[in-house]
Amino acid sequence: GVIHTVGTLIENNKNPQLSYKAMNRDTAVNMAQELNEYATEEQKRNFVMISSAKAPPFLPAYLTTKQEAEQFILNECPNLSPTIIRPGFIWNKEHRGWSIPLRYGCEVLYQINENIGKKTPLNSATDFLFPAKPTKLETVAHFSIEGVRGKLT
């Protein structure tokens with residue numbers, strides 16, 4: 001099986017190979033296509049894609065390109081057993097120390113949206129401004145490994 005983790009949060013418009021389409025969509029589509037061709041209907045292969053729960057504010061293409069890859073995997077790869085993981089901002093103190101301050105900011109904004117924003121009539125217009133609940137790297141790793149082992153249903 002394969003765990004696909006490739007993607008970019010910050011797109012480089014000057015380099016087409018570092019665009020959202022190339023990094024967030026095409027890498028997943030290409031890898032899924034290859035594994036799908038290798039697998040058979042009788043011997044399906046597990047494919048885990050790390051996607052995203054939400055797009056960062058004002059960066060909708062980040063999420064739409066991931067969703068395009070998800071749809072390709074789910075609809076065009078009959079020989080795969082896909083698992084799509086949609087975490088919020090991934091944080092880890094040991095390996096991504098820089099993520100800790102961002103984690104706290106995301107957590108505060110997430111809680112504001114959950115406890116105040118979702119109770120207002122403007123929520124559908126403002127929800128994109130707020131992040132999904134931050135996700136611990138170990139949690140993403142655990143479910144990725146379980147998915148590639150075929151242990152998730």
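These are my notebook entries on a predicted protein model.

**Ground rules**

I number residues from 1 along each chain as its sequence is written, and my side-chain values use heavy atoms, with hydrogens and water left out.

**Entry 1: the whole chain**

I looked up the secondary structure and found five helices and five strands in the protein chain. Helices (H or I, at least four residues) and strands (E, at least two) are DSSP runs, numbered from the N terminus. I read the pattern along the sequence as β-α-β-α-β-β-α-α-β-α. The C-alpha trace spans about 50 × 35 × 35 Å along its principal axes.

I then checked burial. Buried means under 20% relative accessible area, exposed over 50%, and partly exposed in between, with a 1.4 Å probe and protein chains only. Of the 153 residues, 37% count as buried. The chain exposes about 9,400 Å², and carbon and sulfur atoms supply 56% of that area. Accessible areas come from the Shrake-Rupley method with a 1.4 Å probe; for residues, only the protein chains shown count as cover.

I also looked at contacts, which means heavy atoms within 4.5 Å. Among contacts between residues at least 6 apart in sequence, 64% join residues at least 24 apart.

**Entry 2: charges and salt bridges**

I noted 17 positive and 15 negative side chains, and the centres of the two sets lie 8 Å apart. Lys and Arg count as positive and Asp and Glu as negative; His and the chain ends are not counted. The place of a charge is taken as NZ of Lys, CZ of Arg, CG of Asp or CD of Glu.

Side chains of opposite charge can pair when their charged atoms come close. How many salt bridges does the structure hold? I recorded seven. A salt bridge is a side-chain nitrogen of Lys or Arg within 4 Å of a carboxyl oxygen of Asp or Glu.

I looked at Glu68 and Arg25, whose closest N and O atoms are 3.1 Å apart in a salt bridge. This pair links distant parts of the chain, with Glu68 in helix H2 (residues 60-76) and Arg25 in helix H1 (residues 20-38), 43 residues apart. Glu68 is partly exposed at 38% relative accessible area, and Arg25 is partly exposed at 23%.

Next I took Lys54 and Asp127, which form a salt bridge with closest N and O atoms 3.2 Å apart. Lys54 lies in the loop between strand S2 (45-50) and H2, and Asp127 in the loop between H4 and strand S5 (135-136), so the pair ties together parts 73 residues apart in sequence. Lys54 is partly exposed, at 22% relative accessibility.

I also found a salt bridge between Lys118 and Glu114, at 2.9 Å from N to O. Lys118 is partly exposed at 44% relative accessibility, and Glu114 is partly exposed at 27%. Salt bridges that share partners join Arg25, Asp26 and Glu68 into one network.

I went to Leu35, which lies in helix H1 and counts as buried at 11% relative accessibility. Leaving aside neighbours within four places in sequence, Leu35 is in contact with Val2, Arg45, Asn46, Phe47 and Leu80. The C-alpha atoms of Leu35 and Asn46 are separated by 8.9 Å, and the two residues are eleven residues apart along the chain.

I then looked up Lys66 in helix H2.

**Entry 3: at the surface**

I found a nonpolar surface patch of about 330 Å² made by Val108, Leu109, Ile112 and Ile116. Patches are made of residues with over 30% relative accessible area and no salt bridge; like charges are joined within 9 Å, and nonpolar side chains (Val, Leu, Ile, Met, Phe, Trp, Tyr) within 5 Å. Ile116 is in the loop between helix H3 (99-115) and helix H4 (123-126), and counts as exposed at 53% relative accessibility.

Last, I checked Phe58, in the loop between S2 and H2. Is Phe58 buried or exposed? Phe58 is exposed, with a relative accessible area of 62%. Phe58 has a positive phi of about 65° although it is not a glycine.

Key
This is a predicted model: local features need pLDDT of at least 70, side-chain atom pairs count only at pLDDT 80 or more; totals for chains, interfaces and linings use all residues.
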